[in-house]
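Please look at the sequence and the structure below before reading on.

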Amino acid sequence: MNYFGSSTYAYKPSGLATYSAGLWGGTRCAVALRAYASELGCLPVSATMTLPGAWKSEGVFDDEGSLKEGTMGAKTAGRMLDQLVWHARSMRAAREAGAAGE
């Protein structure tokens, strides 16, 4: 990600999605990625999409590869995407108004 430079990511919202075979769904990775994204100038939303047991047969995906309704993965995805959309709209309005940094 350093190849593109921090100006590519500055003042842009970001959402983190992680997965693992275990119960935590890559939460430790998300903690490290949040700091990394912030250093690039991204503004990560507080909600993180986590997919525990991502490749288990009774995991979070249906036969077509979509998230199963009612799973923790679907719930965390919805929360993260809601925040991401809100932040993206807010930041676009701020950039168009000539807010700091742009």
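## The segment before β1

The model described here is predicted. Y11 lies in the segment before β1. Although Y11 is not a glycine, its phi is positive, at about 60°. Most residues other than glycine have a negative phi. Y11 counts as partly exposed because its relative accessibility is 37%, a value between the limits of 20% for buried and 50% for exposed.

K12 also belongs to the segment before β1, and β1 itself covers residues 13-20. With a relative accessibility of 35%, K12 is likewise classed as partly exposed.

## Charges

K12 takes part in a positive surface patch, together with R89, R92 and R95. In the chain as a whole there are 10 positive and 9 negative charges.

## Overall architecture

The chain contains two helices and two strands. Taken along the principal axes, the C-alpha atoms fill a box of roughly 50 × 25 × 20 Å.

Of the contacts with a separation of 6 or more, 61% are between residues 24 or more positions apart.

## Surface and interior

How much of the chain is made up of buried residues? Of the 102 residues, 27% are buried. The accessible surface of the chain amounts to about 6900 Å², and carbon and sulfur atoms account for 59% of that surface.

Notes
Residues are numbered from 1 along each chain as its sequence is written. This is a predicted model: local features need pLDDT of at least 70, side-chain atom pairs count only at pLDDT 80 or more; totals for chains, interfaces and linings use all residues. Side-chain values use heavy atoms; hydrogens and water are left out. Patches are made of residues with over 30% relative accessible area and no salt bridge: like charges are joined within 9 Å, nonpolar side chains (Val, Leu, Ile, Met, Phe, Trp, Tyr) within 5 Å. Accessible areas come from the Shrake-Rupley method with a 1.4 Å probe; for residues, only the protein chains shown count as cover. A salt bridge is a side-chain nitrogen of Lys or Arg within 4 Å of a carboxyl oxygen of Asp or Glu. Lys and Arg count as positive and Asp and Glu as negative; His and the chain ends are not counted. The place of a charge is taken as NZ of Lys, CZ of Arg, CG of Asp or CD of Glu. Helices (H or I, at least four residues) and strands (E, at least two) are DSSP runs, numbered from the N terminus. Buried means under 20% relative accessible area, exposed over 50%, partly exposed in between (1.4 Å probe, protein chains only). Contact means heavy atoms within 4.5 Å.
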